[in-house]
Amino acid sequence: MIEVKNLRKSFKGLEVLRGINETIAKGEKVVVVGPSGSGKSTFLRCLNRLEEPSGGEIWFEGINICDPKCNINRLRQKMGMVFQQFNLFAHLSVKENITLAPTKLKIMTPAEADEKAMQLLNRIGLAEKANAYPSQLSGGQQQRIAIVRALAMNPDVMLFDEPTSALDPEMVGEVLDLMIQLAEEGMTMVVVTHEMGFAREVGTRVLFMDEGQILEQNTPKEFFANPQNPRTRDFLSKIL
Amino acid sequence: MHAIYQNLIAMDRWKLILEGLGNTIIIALGAIVIGTLIGAAMALMRVSGNRVLGGIARGYITVIRGIPMVTQLMIFNFIIFAPTGMPKLAIAIVSFGVNSGAYCAEIFRAGIQGVPLGQTEAGRSLGLGRAQTMWSIVIPQAVKAVLPTYTNEFVVLIKETAVASYIALMDLTKASDMIRNATFNAWVPLLSAAVIYLCLTLGLSSLFARLERRLARSDRG
């Protein structure tokens, strides 16, 4: 589904990604871990070109998204993204947050989008917040709404950029629960996170990144039980 | 009492004041419309990321903000529009509009850039294009944020129009000054003008304050 070939990214001479090769198949839940500054968020943000790669190729559903001629907006409709800071649209109600993109992009009529939004809100138990504004909600509620906002576009893959890092500890669970549900429904997911429990329980594959490269990858079981690379071992020893 | 009669009632002098006030309002309203349009265009040019457009906007803002309003007004009146025979009122509207445009541009640019980048990224990640994201997500939030400074620009503009008398245009200040010249009484005409300006600016401020409160709906926690 996603194929990354020799992906490189530099910011003003600083090489953040130094040749990433990776293939992500449909239905996989790939968890990306690594120390901060290792390039994992940049890697994720390159996948939908929020970050412009400096070199290499990224193929998504048979299209090279780094090709300047490709319609990136159309491709992004199929790649949901969830941010560390939620990024709900502050001036719109919860329901409008969800319906904005599907209606503006003429994927749904306003009535269809409304129905979809209510259905999604019901699913996460926040239907009564449909007319509330983001600033009136807790972080956990905001993040769950951000997730269903992305789901409203019926994406083929969901990208999560440290979705629980900005949350108070007691709200991490509700967000992870929703992500676990998504995983169980078969959604393809790429998750950058520090939640090792999530990586262990939900991931089908764990990638360890450091200094702009994928140093090691394995099934969660093997990855945590039997890390090969010394730096992986060092990293795991610090956080587990 | 006699002074008030002499300065405001006798010889229909209140009509002079009214005419001056009318011109002041017309200039201010016309100029804020032009200024807002120019300002919006310049602000969008500056944030467009296009070097040429950004450079043009930057140059415009630098030049206009670096020259006193009175000087600009006279340049427009005695040089640029001198051969056209355009009515003074129209010249004043354009001059003040062009001037205000530079200030509005900076206000709007600050407003647009003040909207967190994450809002844009969220919009783009959903598949919205640059323009769609700008219009549906960034600008509505920027408008709300700039309202206080924008109101201030409007208030400043109303007061600035007093220099229109430099091109012999009969605005509120000019009218009161003419009465002063005729009656040799400075108190009544000038204080009348002052009170009228104050009413205008206070009225405007409270109008915008109400609008601000309505727009603040989504901020209430």
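Predicted model: local features only at pLDDT ≥ 70, side-chain atom pairs only at ≥ 80, totals over all residues.
**Exercise 1. The overall form of chain A**

Task: Judge how compact chain A is for its length.

Solution. 
- Step 1. Count the elements. Chain A has nine helices and 10 strands.
- Step 2. Compare with the globule rule. The radius of gyration of chain A is 18 Å, close to the 18 Å that the rule gives for 240 residues. Chain A is therefore as compact as a globular protein of that length.
- Step 3. Along the principal axes, the C-alpha atoms of chain A fill a box of roughly 55 × 45 × 35 Å.
- Step 4. Look at burial. Of the 240 residues in chain A, 55% are buried.
- Step 5. Look at contacts. Among contacts in chain A with a separation of 6 or more, 66% join residues 24 or more positions apart.
- Step 6. Finish with the surface. Chain A has an accessible surface of about 10200 Å², and carbon and sulfur atoms hold 46% of it.

**Exercise 2. Salt bridges**

Task: Find which parts of chain A are tied together by E22(A) and R205(A).

Solution. 
- Step 1. Side chains of opposite charge can pair when their charged atoms come close.
- Step 2. Check the distance. E22(A) and R205(A) form a salt bridge, with N to O at 2.6 Å.
- Step 3. E22(A) is in strand β2 (residues 14-24) and R205(A) in strand β9 (residues 205-210), so the pair ties together parts of chain A that are 183 residues apart in sequence.
- Step 4. Check burial. E22(A) and R205(A) are both buried.

Task: Identify the salt-bridge partners of E106(B).

Solution. 
- Step 1. One partner is R46(B), at 3.1 Å from N to O. This pair links distant parts of the chain: E106(B) in helix α5 (residues 88-114) and R46(B) in helix α2 (residues 13-47) of chain B, 60 residues apart.
- Step 2. E106(B) counts as buried at 14% relative accessibility. R46(B) is partly exposed, with a relative accessible area of 22%.
- Step 3. Another partner is R109(B), with the closest N and O atoms 3.1 Å apart.
- Step 4. Explain the spacing. E106(B) and R109(B) both lie in helix α5 of chain B, three residues apart, about one turn of the helix. An α-helix has 3.6 residues a turn, so residues three or four places apart point the same way.
- Step 5. R109(B) is buried, as is E106(B).

Task: Which residues join R18(A) in a network of salt bridges, and how many salt bridges are there over all chains?

Solution. 
- Step 1. R18(A) is linked in a network with D210(A), E211(A) and R231(A).
- Step 2. The count over all chains is 19 salt bridges.

**Exercise 3. Annotated spans and a surface patch in chain B**

Task: Compare the UniProt "transmembrane region" annotation with the modelled secondary structure.

Solution. 
- Step 1. Read the record. The unreviewed UniProt entry annotates residues 20-45, 57-80 and 186-209 of chain B.
- Step 2. Take residues 57-80. This span is 88% helix and 0% strand, with its end C-alpha atoms 21 Å apart.
- Step 3. Take residues 186-209. This span is 96% helix and 0% strand, with its end C-alpha atoms 34 Å apart.

Task: Is I79(B) buried or exposed, and which nonpolar patch includes it?

Solution. 
- Step 1. I79(B) lies in helix α4 (residues 69-80) of chain B.
- Step 2. Its relative accessible area is 57%, so I79(B) is exposed.
- Step 3. The patch consists of M74(B), I75(B), F78(B), I79(B), I80(B) and Y166(B). Together they have about 590 Å² of accessible area.

Key. Residues numbered from 1 in each chain as written. Chains lettered and ligands numbered in written order. Heavy atoms only, no water. Patch = residues over 30% accessible without salt bridge, like charges linked within 9 Å, V, L, I, M, F, W, Y side chains within 5 Å. Areas by Shrake-Rupley, 256 points an atom, 1.4 Å probe, with all protein chains shown as cover. Salt bridge = Lys/Arg side-chain N within 4 Å of Asp/Glu carboxyl O. Helix = DSSP H or I, 4+ residues; strand = E, 2+ residues; numbered from the N terminus. Buried < 20%, exposed > 50% of the residue type's maximum accessible area, 1.4 Å probe, protein only. Rg over C-alpha atoms; globule rule 2.2 N^0.38 Å. Contact = heavy atoms within 4.5 Å. UniProt positions renumbered as here; feature names shortened; annotations may be inferred.
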